[in-house]
Amino acid sequence: MHELRFNHVDNPLTYRNIENLRGDVEAFHAHYKLQNVVNVDLLFRGAWLAKDEREFISRDVMPEFERDALNREQNPELVKQSRELNTILLTCCIGAIVHGWSQASIIGANLQWPYAFGLQKDFGDGSTITSFWIFGGVNAITYFAASCVGAWLSDPLNESFGGRRGALFVAGVFTLAASIGSAFTSNWQGLLCCRLVLGIGYGAGASVVPVFVSEAAPPKSRGRLLVSWQTFTAVGILLGSAVNLVFHGPHSVLPSGIVDTSPGMLGDGWRQKVAWRIQIASCAIPTVPLFCLVLICSESPRWLVKKNEYAKAFEVLRTLRETPLQAARDLYYIYAQLRVETLLFSKNPDIEDLLNNWTFHDVYMQELKSSSYGRRFLQLFTVPRNRRSSLAVSAVMASHAGSAKPMENLWLSFGFAASNALFSPVAYWIVDRKGRRFLLLASLTAMVPLLLATAFAFKIHEPTAKKVVVEIFVIIYTAAYSPGAGVVPFLYSSEVFPLINREAGMSLSCSVNFLLAGILALTVPQLTHALGPTGLLSLFAGLDALAAITVWLLVPGTVQATTLEEMNYIFGVPTIEHVKYQTTELLPYIIRRCIPSKDAGLLPSLYTWYHELGESEELQQYP
């Protein structure tokens with residue numbers, strides 16, 4: 001199959017008539033030994049529903065409960081989801097809280113550990129350049145470890161520990177061990193090592209949780225359920241920030257000759273020694289419920305399909321969907337689309353003949369068995385469809401990492417986390433209706449003037465007025481950042497890679513994000529000193545503007561694709577053609593729309609335009 005056939009969302013089952021489809025389903029049912037889990041007639045009805053929902057509804061005599069379930073599926077409600085789906089969602093939400101709490105725990109400790117380890121003598125003293133870089137290194141090492149090690153462990157952890165659940169459990173173990181170890185360190189070198197271990201768990205968890213949600217969620221509500229990652233990461237930051245405020249210590253050691261006489265936990269002497277250790281160890285708290293939930297939730301159905309365990313996959317889908325009919329539809333549609341996906345990475349010259357033979361069922365598994373982690377990684381750059389996904393997620397992750405986040409003191413950290421947790425859920429009502437790309441572009445575009453306004457608010461001379469104006473713009477900025485640049489990058493990255501490369505693709509996405517975050521953690525103190533708040537925030541505004549342009553040019557919208565497997569068609573359009581469409585079709589159309597007296601005309605969709613372009617090129621080649 002030529003790559004041009006991936007230029008619009010397609011359904012391979014539409015090319016099978018009903019008689020052939022029944023034979024295909026019966027052979028599939030027998031080959032994968034599904035007799036004990038699903039009736040072949042039910043599986044055929046599910047396949048027919050996947051083939052053509054409108055025809056199925058008009059010709060099949062459906063029980064009322066199935067018809068009602070299909071209607072509810074078009075407008076899903078969170079409160080009416082299955083118990084097992086809610087269990088997986090809760091597990092992933094706790095995983096996101098662990099992620100966010102890990103970020104916040106060091107913020108409070110940063111006010112104290114440099115004095116405890118002798119890097120500074122008193123608050124505001126002139127620290128040496130060495131101390132300055134040690135402080136930045138301890139903060140940045142978590143992100144660098146997450147980028148270079150943790151994120152890339154996702155694939156081997158999934159393979160070695162039985163799927164998404166096992167990988168998430170191991171990531172939690174790293175977080176638990178590192179947070180407890182940090183509380184007992186006696187020097188900055190020990191703290192640095194613990195922060196490195198924390199980064200491994202941090203990166204591994206972030207590479208697993210969004211993928212777990214995306215693979216378990218129903219197609220129509222996948223986007224809104226994935227909003228939970230950013231929302232509960234913000235909740236984790238909020239909880240960690242609250243602990244920082246409760247257990248905050250003094251900014252310096254007690255002056256020489258002064259003895260702390262305050263009783264118990266009220267004394268500065270106690271807080272000097274212990275408070276920052278409690279803050280930094282507190283991110284171990286949410287790992288306990290995470291371990292419990294991982295043990296009781298179901299595995300990802302797509303992971304089970306990847307392991308050729310179709311019977312178990314159906315049993316899980318049955319608990320995740322409202323009716324057995326919907327579970328049967330999803331199982332067979334995943335199987336059908338994975339057959340097509342094989343075209344993307346197979347080097348077998350007879351692959352098209354094998355795929356056209358629907359009685360040959362192991363075509364995907366044969367290719368998968370010959371794949372290694374190294375090969376799956378290289379396919380991110382050697383397979384054109386994957387290369388486009390990699391470029392797109394790198395752009396969206398850079399927009400996430402490059403956005404300014406005001407975390408300079410405890411109360412500002414707490415306020416930002418509260419605002420982030422409040423505004424992130426706004427995406428829940430928009431993301432599946434308007435699309436990921438729309439949300440991200442709208443967010444980045446709004447963030448630029450808001451950051452500039454915040455930057456120049458620091459020029460106000462009157463202190464009280466300056467504080468009020470800055471805080472107002474920070475809140476408005478957070479409202480623009482959270483539902484777009486906050487939510488979309490991890491959500492988008494978890495969806496856009498094919499199943500065989502999904503772990504490696506998500507690892508690449510997280511690696512880019514954490515690498516840039518580490519660079520910022522290392523350099524922002526120096527940049528603040530060199531540029532001042534106005535210059536620094538103006539720099540971030542310029543980066544956001546650059547990110548918006550990059551996303552507009554390079555990142556395809558995915559609203560046309562319903563299932564994860566349909567993403568293969570979205571990324572069937574070469575990036576250079578996407579850029580050409582944006583600059584030669586969409587941009588002139590927008591300009592015409594802005595001229596009142598000019599008829600804008602009709603704008604073809606990207607996929608219609610590319611399909612027609614391909615046909616015209618074929619006609620020129622073969623007159």
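Which residues are in contact with Leu331, leaving aside its neighbours within four places in sequence? In this predicted model, Leu331 meets Phe28, Leu34, Val305, Tyr310, Ala313, Phe314 and Leu317. Contact here means heavy atoms within 4.5 Å.

The model is predicted, so local features need pLDDT of at least 70 and side-chain atom pairs count only at pLDDT 80 or more, while totals for chains, interfaces and linings use all residues. Residues are numbered from 1 along each chain as its sequence is written, and side-chain values use heavy atoms, with hydrogens and water left out.

Confidence is given as pLDDT, the predictor's per-residue score from 0 to 100. The protein chain has a mean pLDDT of 85, and 90% of its residues reach 70 or more. Residues 122–126 fall below 50; this stretch has 7 contacts in the model beyond near neighbours in sequence. Residues 251–267 also stay under 50, with 25 contacts beyond four places in sequence.

The largest nonpolar core contains 140 residues. Such a core is a set of buried Ala, Val, Leu, Ile, Met, Phe, Trp, Tyr and Cys residues joined through side-chain atoms within 4.5 Å. Buried means under 20% relative accessible area, exposed over 50%, and partly exposed in between (1.4 Å probe, protein chains only). Phe28, Leu331, Tyr332 and Tyr492 have the most contacts inside the largest core. Helix H26 gives the most to this core, with 15 residues. Another core, of 13 residues, lies apart from it; among its members are Trp113, Phe117, Leu119 and Leu410.

Helices are DSSP runs (H or I, at least four residues), numbered from the N terminus. H26 spans residues 502–554 and includes Leu546. Leu546 is exposed, because its relative accessible area is 52%. Together with Leu531, Leu539 and Leu543, Leu546 makes a nonpolar surface patch of about 340 Å². Patch residues have over 30% relative accessible area and no salt bridge; nonpolar side chains (Val, Leu, Ile, Met, Phe, Trp, Tyr) are joined within 5 Å, like charges within 9 Å. A salt bridge is a side-chain nitrogen of Lys or Arg within 4 Å of a carboxyl oxygen of Asp or Glu. Areas come from the Shrake-Rupley method with a 1.4 Å probe.

Ser147 sits in helix H7 (residues 129–150). Ser147 counts as buried because its relative accessibility is 2%. Not counting residues up to four places away in sequence, Ser147 touches Trp152, Ser511, Phe514 and Leu515.

Leu452 belongs to helix H23 (residues 436–457). At 35% relative accessibility, Leu452 is partly exposed. Leu452 touches Ser538 and Ala541, not counting residues up to four places away in sequence.

Technical notes. Helix = DSSP H or I, 4+ residues; strand = E, 2+ residues; numbered from the N terminus.
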